[in-house]
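Let's take a friendly walk through this structure together. Please have the sequence and the 3D view open as you read.

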Amino acid sequence: MVDRLRAPELRGRRWLNTGGEELSLGGLRGRIVVLDFWTFCCVNCLHVLDELRPLEQEFADSLVIIGVHSPKFEHEGRPEAVEAAVERYAVHHPVLDDPDLVTWDAYTARAWPTLVVIDPEGYIVGQMSGEGHGPGIASLVRELISEHSARGTLRRGDSPYVPPSSDSTQFRFPGKAVPLGDGGFVVSDTAHHQIVLLESDLRTERARFGGPEVFEEPQGVCVLPPDAAERLGYDLLVADTVNHRIASIRLSDGRIRTEAGTGEQLRERSGGGAAHKQPLSSPWDIVWWLDRAVIAMAGTHQLWALHLATEPENNTVAVLAGTSAEGLRDGAADEAWLAQPSGLAVSASGDRVWIADSETSALRSIVLDDNGFRLETHIGEGLFDFGFVDGVRSQARMQHPLGVAEAADGTVLVADTYNGAIRRFDPVTQVLSTALTGLSEPSDVLPLDDGLIVVESSAHRVDRMRLPATAAAEGGAGRVRRSATQIAPGAVELVVHFEPPAGQKLDDRYGDPTMLMVSSTPDSLIRSGGGRATGLARALDLDSSVGDGVLHISVRAASCDASGPDGEVPEHAACHLYQQDWGIPVRLEAGADAVLDLDLRGV
């Protein structure tokens, strides 16, 4: 008999979305509880919020979802930032604010997002990492309802969720702003789900397009060059982020049309071909470069290229850069790594696109040279390094930047979002400085002759600002506060646990339906066992002379509905894809465990 594990109590700084009431697992006894460990910088966590919404509705009287906000970046631990994120992303369940990772550590979470299922008697019955678990959790909840209804241990009732109050403002968490060319501006009014045309005063509205039934949390906007607009028959492209599509707007009559995407989230992290048949994943920004639209595909850690025709069925898309591995690695575009690219800007010379690569707190660029497309890093060190420091690359630090633009003098302005600052990078001296501070989560910046336009997302405004005579970074270097996992040097067994939901099975009719990709920072940490192959286990050989490092582990498993008479998978069964990326800081210690266990879906 397998030992049952009692769920640790929930402890943190405070509760949100409960009307001031403190919740406990004891008080929730008799209810099924799902804990969602998330942090608001993480696009995969935002995907999981969307996956959980149907469960909240279907099992409203028996299931309580609790978000455990466990921050990655320093800024994400600030009380006001957590409150803003809960509103921004429409979180409609209780949230435990866990800034010191107390509950995170109690549940031995290793990745954002992590999901834990607790039965009505307070025992852990499932732990999962990554995306795609919504249907599987629903299946498990149905089993628990049936079992505990029969035993009399299920207690039905209303959710402890209490909605917070919200102010009414012209914009709500605006995302991006671009000039129209006639003195006006286009702004993505993200939480109002609209695109707004503004006069030069940034207050007077010419028009609004969309709404909750049309757009969902749109971010990037691209104004097409006149020749492209005339050829294509529309004026704007919109990164309709949560709808996972690129839409166009024709200003003359307000027509909105899908140019790429199916409305479904891309799970494969690769693809191309006909744009109207290709799912996308959280496109966050979009620019026009080399006669194509370049998309910051935040959800797959890549850049994509969209080639546009006059009819959408003739549009095509392809991966431009990034393998889908999350991290910072330069070089040939098809071998490079990105980490949630969220802001793009074309240089004045047209030779490159600047990239705000948010999860590595980096300023990067893509260029086309004689050897093809290549990625370069100008500021930034990796997934776990951030801060608020001026200087050359070896010293300079940012914290989750979301916007970027090139100024008339050739310097690059960066919306250093979690530092509340506008930073300036000089490509000649390779030095990062600070232009403006004291902002509320700036998500985009536009240079003007006499100052800047700044999108202050958490202040719900778009304003002109003048640069002060002097400004400087106000902090130091930092690292993500996750504890390093101690592991033995030399031979280590990596095991990813995956148990398909009831009614599903791994379908090997056409080959192994799993994929495991392992690499490290630095590369020398892994002497053997790295690379990509099928299977959910891997023998690694870790170099003791390296000491500390990060293991980058990506896993994918596909299971299909086993609905045949003998439990087999029928020919045209529905299949489900589960995947997760781990970036695990490790410290090699003699005598430590030589097995690294990870749960993709452990029950």
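**Aromatic pairs and their surroundings**

With a relative accessibility of 0%, Phe425 counts as buried, where buried means under 20% relative accessible area, exposed over 50% and partly exposed in between, with a 1.4 Å probe and protein chains only. Trp354 is also classed as buried, at 3% relative accessibility.

Before going on, note that this is a predicted model, in which local features need pLDDT of at least 70, side-chain atom pairs count only at pLDDT 80 or more, and totals for chains, interfaces and linings use all residues. Residues are numbered from 1 along each chain as its sequence is written, and side-chain values use heavy atoms, with hydrogens and water left out.

How many aromatic pairs does a search of the whole structure find? There are nine; rings of Phe, Tyr and Trp (its six-membered ring) pair if their centres lie within 6.5 Å, and planes under 30 degrees apart count as stacked, over 60 as edge-to-face and the rest as tilted. One of these is the tilted pair of Phe37 and Tyr107, with 5.7 Å from centre to centre and 55° between the planes. Phe37 belongs to strand 3 (residues 32-38), while Tyr107 lies in the loop between helix 3 (102-106) and strand 6 (114-118), so that the pair links distant parts of the chain, 70 residues apart. Helices (H or I, at least four residues) and strands (E, at least two) are DSSP runs, numbered from the N terminus. Both Phe37 and Tyr107 are buried.

Now back to Trp354 and Phe425: their ring centres are 6.4 Å apart and their planes stand at 70°, so this pair is edge-to-face. Because Trp354 is in strand 23 (residues 352-357) and Phe425 in strand 30 (residues 421-426), the pair ties together parts 71 residues apart in sequence.

Next, find Ser248 in strand 14 (residues 245-250). Ser248 is buried, with a relative accessible area of 0%. Beyond residues up to four places away in sequence, Ser248 touches Tyr234, Leu236, Leu237, Arg255, Ile256, Arg257 and Glu259; contact means heavy atoms within 4.5 Å.

Finally, helix 1 (residues 43-58) bends by about 25° at Leu52, with a proline, Pro54, following within four residues. The bend at a residue is the angle between axes fitted to the seven residues ending there and the seven starting there. The buried residues of helix 1, including Leu46, Leu49 and Leu52, pack against strand 3, strand 4 (63-69), strand 6, helix 4 (134-151) and strand 17 (283-289).
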